[in-house]
Amino acid sequence: MSDVRTEALATRYGTASPGRRRATIVVSGVVGVVALVWLAWAAWFQSTPEVQSSLRSFDVVDSHTVKAEAVVRPRSTDVRASCLVRAFAVDHSVVGELNFQVSGVDSNTLRAVTLRTERAATSVELVGCTAAGQSRPR
């Protein structure tokens, strides 16, 4: 009776094909390797930006002036970065903004900037720095 079942199943679904199984395994392996290579490249690319930055401190001088210090870390001296600093009022609206350039430095550099504000600021944010080929501020 099992021969009848085997024949019926073979008639309905076809016989086993070792060549097809081998091809499926090889193609799956190649796709897996390509996916792992892409994942490694994407992780490396995102973890090594051209420029990074952080806000060290800020001081509200008066109702129209804020001083801030930003640490900028370019990857090399060839990097020309553009950095954006914003000042916010108590109602969270932007009251001042300053875009400054950094170029020709090869290590951490501290930049002191002065923002003019339209009214009293309560906080300052370093949006980040961008360079050629780096669209997201860091």
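The accessible surface of the protein is about 9,500 Å², and carbon and sulfur atoms hold 57% of it (Shrake-Rupley method, 1.4 Å probe). This is a predicted model, in which local features need pLDDT of at least 70, side-chain atom pairs count only at pLDDT 80 or more, and totals for chains, interfaces and linings use all residues. Residues are numbered from 1 along each chain as its sequence is written, and side-chain values use heavy atoms, without hydrogens and water.

Here are some overall values for the protein.

| Property | Value |
|---|---|
| Radius of gyration of the protein (C-alpha atoms) | 29 Å |
| Box filled by the C-alpha atoms, along the principal axes | roughly 95 × 40 × 20 Å |

For a compact globule of 138 residues, the radius of gyration would be near 14 Å (the rule is 2.2 Å times the number of residues to the power 0.38).

From the N terminus, the order of elements is α-α-β-β-β-β-β-β, with helices being DSSP runs of H or I of at least four residues and strands runs of E of at least two. Of the 138 residues, 25% count as buried, meaning under 20% relative accessible area with a 1.4 Å probe and protein chains only.

Now to one residue. Thr-117 lies in the loop between β5 (109-116) and β6 (123-130). Thr-117 counts as buried because its relative accessibility is 6%. Its side chain reaches the backbone oxygen of Ser-63 at 3.2 Å. Leaving aside residues up to four places away in sequence, Thr-117 touches Ser-63, His-64, Thr-65, Val-66, Ala-87, Val-95 and Gly-96, where contact means heavy atoms within 4.5 Å.

Methods. Buried means under 20% relative accessible area, exposed over 50%, partly exposed in between (1.4 Å probe, protein chains only). A polar contact is a pair of N or O atoms within 3.5 Å; within protein, one must be able to donate a hydrogen and the other to accept it, and residues adjacent in sequence count only if both atoms are side-chain atoms.
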